[in-house]
Amino acid sequence: MAKIDRRDFLKIGAATTATAACPAFIDAMELQLGGQDFHQIRTYHARQRKPYLCTMCSYFDGGFTYAEAGKIMKTEGNPDHIATRGMFCSKGLASFFGASDPDRILNPLKRVGERGAGKWQEISWEEAIKEVAAKVSANLDNVDSIYLNEGGFKDGGAVRFMNTIGSHSIIRSRLPSIGTAPKQMALEQVTGAKFMLPDLEHTKYVLNFGANILETAMPLAQRLTDGIVNNRLKLVTFDVRMSNTAGRSDEWLPVFPGSDGIIALAMANIIMQKGLADTSFIYNWTNYSAEDLAKDLEQFTPEMAEQASGIAAKTIINIAVEFAKSKPATIFSHNGISWHKDGISSEKACLLLAVITGNIDNEGGSCLPRQFNIAEPQPAPKSTEAITKTLNYTFPFEVKAGTRKVQMLFNHMSNPAYSAPAASLWREVLKDETQIPYIVDFTPFMSETSELADLILPDVVDVERDNSASSPTALWPWITMTVPNVEPLGKAQDVRMTLKKIVEAIDPIGAKGMKQYWAFTNTKQWVKDEISATEGTDKKTYRRLKSKGVWPNYGKISPADRKILDKKGEQVLAKYDTYKETGFATLSGKLEFSPPYWAANPRHQALKPEEFVLTTFKVAYQTLSMTSNLKYLAEMYHSNPLWINKNEAIKLGIKDNSLVRVTTAVGFLVTKAFLTQGIHPRVVGISTSVGRSSYGRVAQSDPNAHTPFAKDEMEDPDIDDNLWWRDAGTNPNDIIPLALDPESGIQTWNDTVVTISPAESGDKYGDIQVDNAEHFAIYKQSLA
């Protein structure tokens with residue numbers, strides 16, 4: 001290595017400073033395409049590359065896996081994918097660790113002790129299939145007593161199985177689309193679509209209500225970065241907490257929780273009153289006249305919004321005028337607005353701002369979704385699930401009350417014993433064999449819910465699964481796909497093959513009409529069949545997906561400006577104003593609004609000095625319960641202290657990093673305080689991404705918490721020797737009571753009122769005490 005004296009060092013430093021001062025000479029890192037990263041350990045690409053569809057979230061980012069000697073060494077984004085453009089979020093980059101995780105379940109496990117006692121025996125697949133098939137056959141005469149709790153972002157075969165046997169008893173922990181349930185409901189009622197894509201890279205102004213785009217939505221984060229750098233867009237964020245997105249906004253307005261709706265309506269009122277609305281669009285494409293809408297909005301004044309939100313009326317007026325005069329402009333909203341009382345009405349209020357300014361499906365506005373609707377392999381059984389899908393929030397209460405009669409429960413890609421509100425009551429009900437006699441869980445890992453099953457059937461992990469999907473994350477529709485780069489470890493097998501064998505055991509000769517729906521040879525055939533059945537595909541689609549990982553090929557993405565260029569080097573333009581051809585997907589063909597509405601949450605209006613509204617949130621490194629055992633992610637984020645406003649904490653005698661009690665109507669937890677000015681004074685916040693009592697050693701921050709029947713040959717010295725942290729965080733879901741929004745029937749996650757106090761004598765970090773009788777009493781009261 002060449003020697004550098006102090007003078008040379010100073011010369012180099014001066015040159016570097018000059019370069020930094022002249023950004024024209026260098027490319028901004030934020031604007032570079034992906035596909036140029038290096039492996040965390042190695043500095044070269046592994047040899048065998050295959051397409052990969054990440055299902056860690058519903059954005060379904062497309063990339064590649066790289067393998068050597070039968071082991072996946074890395075994942076990365078697909079540079080030719082028009083949505084991901086070669087980039088992956090941290091969860092996608094780390095997802096491959098699940099394949100070699102030493103805490104995976106690799107053989108079917110049957111409970112041999114009391115339910116929840118942790119006593120298991122390994123059995124063969126033949127024994128497992130025979131047992132499950134016999135249980136299902138015995139209940140076919142009362143088939144709706146067979147339940148499925150589904151948590152997948154798309155059907156992995158379990159819903160098809162329920163359709164095959166004819167059971168209507170499907171409950172879900174999430175809806176299979178982007179966004180929250182209230183947001184989806186609002187959009188469907190108004191537009192007929194389930195998602196609106198903010199055209200962030202082409203806009204001039206973004207109103208962001210309660211969305212943390214930069215941490216939780218990689219394709220949108222890229223477009224937002226493009227818009228900030230290239231268009232100098234203005235980003236205004238309304239959020240109770242200074243998220244990464246709020247902190248990088250031009251303006252962050254810490255609103256009182258649940259007041260976003262009245263702010264949006266007051267802004268709409270200002271826009272109408274000042275003559276800044278696109279009245280032509282309102283007349284032609286909504287069920288309102290501009291005059292009637294203006295009259296209905298008069299009641300929502302900026303002063304009224306100031307009283308509810310704490311944001312000055314003058315500020316609300318200024319932002320409303322700025323937004324209306326900025327052409328184009330767009331809206332985005334998410335959990336921060338949806339998970340409150342009247343979430344549907346508040347979501348409609350935000351959407352109304354885009355509508356009255358004519359920013360619907362225009363360049364830089366809020367665009368209708370472009371995606372392929374991936375079809376089921378044909379022939380397909382008739383759907384038994386209601387059009388309005390049933391979320392699982394009330395399930396354990398209804399079982400406990402006797403209003404749901406359950407003989408069998410299948411659980412797939414869901415962990416309600418950890419991630420649902422009133423999680424402790426879920427555990428109580430799942431443990432009771434008189435309430436639910438038989439539970440089967442399809443899972444690669446021993447979750448808090450798996451621990452209460454009678455039979456665990458090991459599923460494959462993401463990188464081992466043949467898969468295809470489409471998501472409306474770009475201005476052009478696309479399909480992406482996984483071609484597994486390795487064989488599943490141990491005896492783990494795809495849930496679709498497991499269910500196929502169960503169906504064949506129930507209906508061996510096809511006399512019951514079930515076997516015909518499971519005639520695929522393997523999961524590769526399943527994917528091929530669903531792609532060929534999807535409208536808009538052709539005979540070349542599957543072949544291109546296998547080689548390139550994404551279809552269609554719209555052209556090459558220019559590294560200079562991210563524009564898509566055809567073979568002649570000319571820009572491929574996105575199509576806007578698509579509604580003008582066929583109208584919106586509503587009965588009238590227009591946007592259908594009900595009269596605007598907002599009302600304050602009465603419980604929030606009477607907070608005592610020690611009472612706060614609890615907000616829960618996600619972080620960039622974790623996806624609820626799916627990523628907890630990925631070692632690099634857990635090392636970066638494993639502790640979730642309670643965010644509390646510094647000034648309020650001092651009043652209560654709470655110091656930074658000191659222990660505090662967080663008390664609700666059903667119990668309390670003890671955690672550490674994080675004092676900050678980055679949260680509304682009447683709000684406290686805690687992430688629901690950690691605080692595991694199961695799932696593996698990394699998730700539990702305990703190198704001795706081995707999964708039953710862990711294989712010695714799969715041991716990871718990195719976990720044995722380098723798991724240096726012992727703080728696994730605290731899970732608040734046990735003490736969050738059921739609180740359903742009367743408007744939507746959805747859990748209002750961010751409306752829980754808590755009391756904050758210094759920890760008491762004898763309290764230890766991580767303590768949780770909860771009274772399930774109180775949980776049940778609150779549920780009974782909600783029925784009344």
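Tyrosine 695 lies in the loop between strand 27, residues 683-687, and helix 25, residues 697-700. Tyrosine 695 has a positive phi of about 95°, although it is not a glycine. At a relative accessible area of 10%, tyrosine 695 is buried. Please keep in mind that this is a predicted model.

Serine 701 belongs with it on this slide. Its phi is near 55°, again a positive value in a residue other than glycine. Serine 701 is placed in the loop between helix 25 and helix 26, the latter being residues 717-722. The relative accessible area of serine 701 is 3%, so this residue is buried.

Next, the cis peptide bonds. One joins lysine 327 and proline 328, with omega about -5°. Proline 328 is found in the loop between helix 13 and strand 12, residues 330-333. Another cis bond joins glutamine 378 and proline 379, where omega is about 0°. Proline 379 lies in the loop between strand 13 and strand 14.

Now the chain as a whole. It has 27 helices and 29 strands. The C-alpha trace spans about 70 × 70 × 65 Å along its principal axes. For 784 residues, a compact globule would have a radius of gyration near 28 Å; this chain has 27 Å, which agrees. Buried residues make up 59% of the 784. Of the contacts with a separation of 6 or more, 74% are between residues 24 or more positions apart. The accessible surface comes to about 32000 Å², and 51% of that belongs to carbon and sulfur atoms.

On to the interior. In soluble globular proteins, nonpolar side chains tend to be buried together. Here the largest nonpolar core has 65 residues, and Leu207, Phe209, Phe238 and Leu353 touch the most other members. Helix 9, residues 260-273, gives the most to this core, with ten residues. Apart from it lies another core, of 55 residues, among them Phe397, Val406, Trp426 and Phe776.

What does phenylalanine 238 contact, leaving aside its neighbours within four places in sequence? The list is Leu207, Asn208, Phe209, Gly210, Leu253, Val255, Asp260, Ile263, Met267 and Ile319.

Then the aromatic rings. A pair of rings is described by the distance of the centres and the angle of the planes. With centres counted as paired within 6.5 Å, the model has 24 aromatic pairs. In one of them, tyrosine 205 and phenylalanine 323 have ring centres 6.0 Å apart and planes at 75°; since over 60 degrees counts as edge-to-face, that is what this pair is. Tyrosine 205 lies in strand 9, residues 205-209, and phenylalanine 323 in helix 13, residues 313-325, so the pair ties together parts that are 118 residues apart in sequence. Tyrosine 205 counts as buried at 2% relative accessibility, and phenylalanine 323 is buried at 0%.

The next pair is phenylalanine 372 with tryptophan 551. Their ring centres are 5.4 Å apart and the planes stand at 45°, so this pair is tilted. Phenylalanine 372 lies in the loop between strand 13, 366-367, and strand 14, 390-391, while tryptophan 551 is in strand 20, residues 550-551, so here the parts tied together are 179 residues apart in sequence. Phenylalanine 372 and tryptophan 551 are both buried. The loop between strand 13 and strand 14 has come up already, as the place of proline 379.

There is also an aromatic cluster, formed by Phe281, Trp285, Tyr579 and Phe584.

Charges over rings come next. The charged end of arginine 174 sits over the ring of phenylalanine 153, 4.2 Å from its centre. Lysine 400 lies over the face of phenylalanine 776, at 5.6 Å from the ring centre. Phenylalanine 776 is the residue I listed in the core of 55.

Last, glutamate 774. It lies in helix 27, residues 772-783. Is glutamate 774 buried or partly exposed? Its relative accessible area is 36%, which makes it partly exposed. Leaving aside neighbours within four places in sequence, glutamate 774 is in contact with Ala665 and Val666.

Definitions and conventions. Residues are numbered from 1 along each chain as its sequence is written. This is a predicted model: local features need pLDDT of at least 70, side-chain atom pairs count only at pLDDT 80 or more; totals for chains, interfaces and linings use all residues. Side-chain values use heavy atoms; hydrogens and water are left out. Rings of Phe, Tyr and Trp (its six-membered ring) pair if their centres lie within 6.5 Å; planes under 30 degrees apart count as stacked, over 60 as edge-to-face and the rest as tilted. Helices (H or I, at least four residues) and strands (E, at least two) are DSSP runs, numbered from the N terminus. Buried means under 20% relative accessible area, exposed over 50%, partly exposed in between (1.4 Å probe, protein chains only). A charge sits over a ring if NZ of Lys or CZ of Arg is within 6 Å of the ring centre and within 35 degrees of the ring normal. A nonpolar core is a set of buried Ala, Val, Leu, Ile, Met, Phe, Trp, Tyr and Cys residues joined through side-chain atoms within 4.5 Å. Contact means heavy atoms within 4.5 Å. The radius of gyration is taken over C-alpha atoms; the globule rule is 2.2 Å times the number of residues to the power 0.38. Accessible areas come from the Shrake-Rupley method with a 1.4 Å probe; for residues, only the protein chains shown count as cover.
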